[in-house]
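I opened this entry to record what I looked up, one item at a time.

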Amino acid sequence: MASLKLSISVGAWDARRVGFSVNPVQSSDRAAYALPITGFVHVSGGSVISPFGRFKHGKVSRVDAELSCCPAPELEIDGVEPPPEGNSVGERLFEQNPLAGGEKNPNFEGPKKGKKRDGMWKSSFRRSDGGKKDVGFVQDYSRLDVNDLASDLSMEECNRILRQLEKCSDSKTLEFFEWMRSNGKLEQNIGAYNLVLRVFGRREDWDAAEKLISQLSVDPECGLSYQVFNTLIYACCKEGRVEMGGKWFRMMLGYGVQPNIATFGMLMSLYQKGWKVEEAEFAFSRMRDCGIKCESAYAAMITIYTRLRLYDKAEEIIGLLRDDNVILKVENWLAILNAYCQQGKLEEAEKTLISMQEAGLPPNIVAYNTLITGYGKVSNMDAAQRIFQSLQDLGLAPDETTYRSMIEGWGRANNYQEAAWYCKELRGLGLKPNSSNLYTLINLQAKYGDEDGATKTLDDMAEMGCQYSSILGILLQAYERAGRIDKVPLLVKDSFYQHILVNQTSCSTLVMAYVKNGLVDIAIKVMQDKRWTDAAFEENLYHLLICSCKELGHFDNAVKIYSSMPKTKGRENMHILCTMIDMYSSLGQFTEAEELYMKLKSSGVPLDVIAFSIVVRMYVKAGSLKEACSVLEMMEKQKNLIPDVFLFRDMFRIYQRCRMLDKLENLYYQFLRSGISWDQEMYNCVINCCSRALPVDELSRLFDEMLQCGFSPNTITFNVMLDVYGKAKLFKKVRKLFLMARKQGLADTITYNTIIASYGQNKDFINMSSSVQEMQFDGFSVSLEVYNSMLDAYGKEGQMESFRKVLQRLKDSARSPDRYTYNIMMNIYGERGWIDEVAGILKELKDYHLGPDLCSYNTLIKAYGIAGMVEEAVALIKEMRENGIEPDKVTFINLINALRKNDKFLEAVRWSLWGLLFKDCTNARGQTAIRRMASCNHVVVNWSILAYAE
């Protein structure tokens, strides 16, 4: 009985001959092997049984009908070397018969057998009647001169010459092909075209190949057939040209040429190598539309889907194997097995393995390795161990892939003892663990504290050719994950350590890991031992180390690293110094921070925006607003330096705290010209800081713009705008804004305080009282500020009955009056000349240990002036100084007014002069008044004092 002998490799696995890949060891899931599938089985009269009884049964006693009936070409195309990777079914079919499945060629002489010939051989030809030389034999076809050939050579003789030339010289082949064209030897000679296309494919001269196909497409005698395109697709397969192979396939379909089984076999193998899922799906669909059953195509499609984790689609293809009545071959079984193992369906995988055995296939180590990897992937090592132990009963010897899979499985199960045992067994076979095994081992050794084993693993990595930089990354990752980074210095030694000292990238990686884990002293030692010289890189590395300590909150380590830096003369690193200034500021060590700033300032290095921001914030944290303003003035003198949005915010806040209204206004318009985009925080900052520096119309416009941009004001912004509108007596806007704040839940006690104070200052007692009721209704208790506002409003308006009621409510509440409350009461009583009540309030103020402040003294002086108690008013100046309170302009104005009202003009002149000298006043009107006082009568003196007071 005839038999088809095709090869299946079930012995030692060779990664270079893979035709079907299951995730390699180096992949993320580190599947331990690939499938050595060539696509043909030696079957003689065997019965193929499908898994689970669902696939088609069939006798395989001879070549498929398509192959047995198809003729060989007139021109045998032999001598084709297989591609560097394992051949698919289509490639094997093409190697055996590139015209498989075609119409019978009447000139077919049968396959040539025997020895392969080279470019030197003997051949005899007839003499040409045209007087050409008689070529009796040719020793070297690479030196053949076509001008010496007779033009009446037969087509068969020309094809033999072309065949020999194709083996030894591409240029001579093309030259002779053109000779054949000029002498009419290409008519109905498709074999010659195929040979030349083979040359074009080998040379990757795709333009020439496309041109030749275009010529064939219009040749009515030859025409196009699948042989032409198979030749080019085969060339693409050998070189891995996925895109070009797809191009020839699409061109084939475009010309209406029907592909054959070899076409699809080669294409699917090519797409599998490139993991081109869309192209593979298209080719697979066309194959089924053509009614062709290429077993390797099904296997390739399953493998592609499995590799891309499209498991549902992979199972759909498995179902199509049954629906299409495909007789399964080894590669199909292994692809199905791998698909189930990769997605963790181990029960289905075991059933597939049993069905594979029931189909009469011998035990296959690749299948068992696949199953072991699947169990290892889900950490079911009991089942993996069972499969491993069953290999001997099946007559299979574990290979390197088996041991490597067991190492990976035990590694996932965190069993270092078992993983180490299988690694020892692997070494006993004279083999070494692969990179994935070593990665697994180093992680286990880091976790279980086997530094001796880790040293051996690192040596194996180096012997394997792994770069020290990669080894260092793996080592640090493993020991950081295990929380044992302090053991790394014991492993980084000898040549490994010497590499780190001369390689700045590895050195930076190591010291960064040390600093991150608190091993600062060891990191400093490495930096001192280094032997590479790159000043810029070194400074950047020190800066990075300091920043890392800062982010981790290890400020002391940052200071230690900074102190260990090599000293440089006349050159300071602005970035490092600024980082240290910021760090000292965070620690509250403002003296050290300022020293670094002075050092940076004296170095002459121009500061950038970030440096200015850091220095300004340092002074703000230290409470030195005056120094912060001086830094900002220095920044303004530096040309072409535009603050960023963060520095702008700091400047607004500093000027607002310093009450520098002119600076705030100028800064606001500078920010408008800067072109920096407004955000929610900037709107809030500008409105809050510039409420007293900008006109109410501009503030209102800015607030409306903020709302139109979709930004939400915060509570402070609402309160500031309420105060602005209240002082401008825009009570409709006050009410509208208050309702908006309450609706958004942003109204607080200060909101009510602001509204009530605004109504009180404008003597709107009805709205003031209703706002107090609303405040209580919304769940807020009446604050002391509200009581103070009502007392001030009623008192100044002379509604003393309401004043007394509010005061009684305050006393009845749980709130204690503050100094501001007492100042209001003294002011109201003093305005009415009730000096006894003023004295009582002053005594009560002292009894509560609050004591008078500057405002209290100013109020008392005014009250004493109204009551005619001039001597007591003058005595208060002395008391103020004894209590450490410096008089201000209001103090002197109140005193001068008191003296003036009580006809003490000379005393008024003396105190006005004293006030001007004491406060170093430069008011021109005041100075003019003083000059006139010495010679003017009391009317003029009164006018002069009034002018000063104003």
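**Helix α25.** I worked on a predicted model. I started with α25, which spans residues 520-529. Which of its residues are buried? I found Val520, Ala523, Ile524, Val526 and Met527. Viewed down the axis of α25, these buried residues stay within an arc of 160°, so they line one face of the helix. I recalled that an α-helix has 3.6 residues a turn, so residues three or four places apart point the same way. Next I checked the face turned away from the buried side, and Asp521 and Gln528 are exposed there. I then listed what the buried residues of α25 pack against: α23 (494-502), α24 (504-516), α26 (535-552) and α27 (555-564).

**Leu664.** I located Leu664 in helix α33, residues 661-674. Its relative accessibility is 1%, so I logged Leu664 as buried, the cut-off being under 20%. Leaving out residues up to four places away in sequence, Leu664 touches Phe652, Tyr655, Gln656, Cys689, Cys690 and Ala693. I also noted Val686: 22 residues from Leu664 in sequence, with 9.1 Å from C-alpha to C-alpha.

**Core.** The largest nonpolar core holds 264 residues. Phe176, Trp248 and Phe652 have the most contacts inside it. I followed up Trp248. Beyond its neighbours within four places in sequence, its contacts include Trp206, Phe229, Leu232 and Cys236.

**Pocket.** I counted 41 lining residues. Nearest the pocket's centre lie Arg692, Asp723, Lys727, Gln761 and Tyr820. I sorted the lining into 14 nonpolar, 16 polar and 11 charged residues.

How values were computed:
Residues numbered from 1 in each chain as written. Predicted model: local features only at pLDDT ≥ 70, side-chain atom pairs only at ≥ 80, totals over all residues. Heavy atoms only, no water. 1 Å grid on protein atoms, 1.4 Å probe; cavity = no way out; pocket = protein on both sides within 12 Å on 5 of 7 lines; lining within 4 Å. Nonpolar A, V, L, I, M, F, W, Y, C, P; charged D, E, K, R; others polar. Core = buried A, V, L, I, M, F, W, Y, C linked by side-chain atoms within 4.5 Å. Buried < 20%, exposed > 50% of the residue type's maximum accessible area, 1.4 Å probe, protein only. Contact = heavy atoms within 4.5 Å. Helix = DSSP H or I, 4+ residues; strand = E, 2+ residues; numbered from the N terminus. Arc of directions from axis to C-beta.
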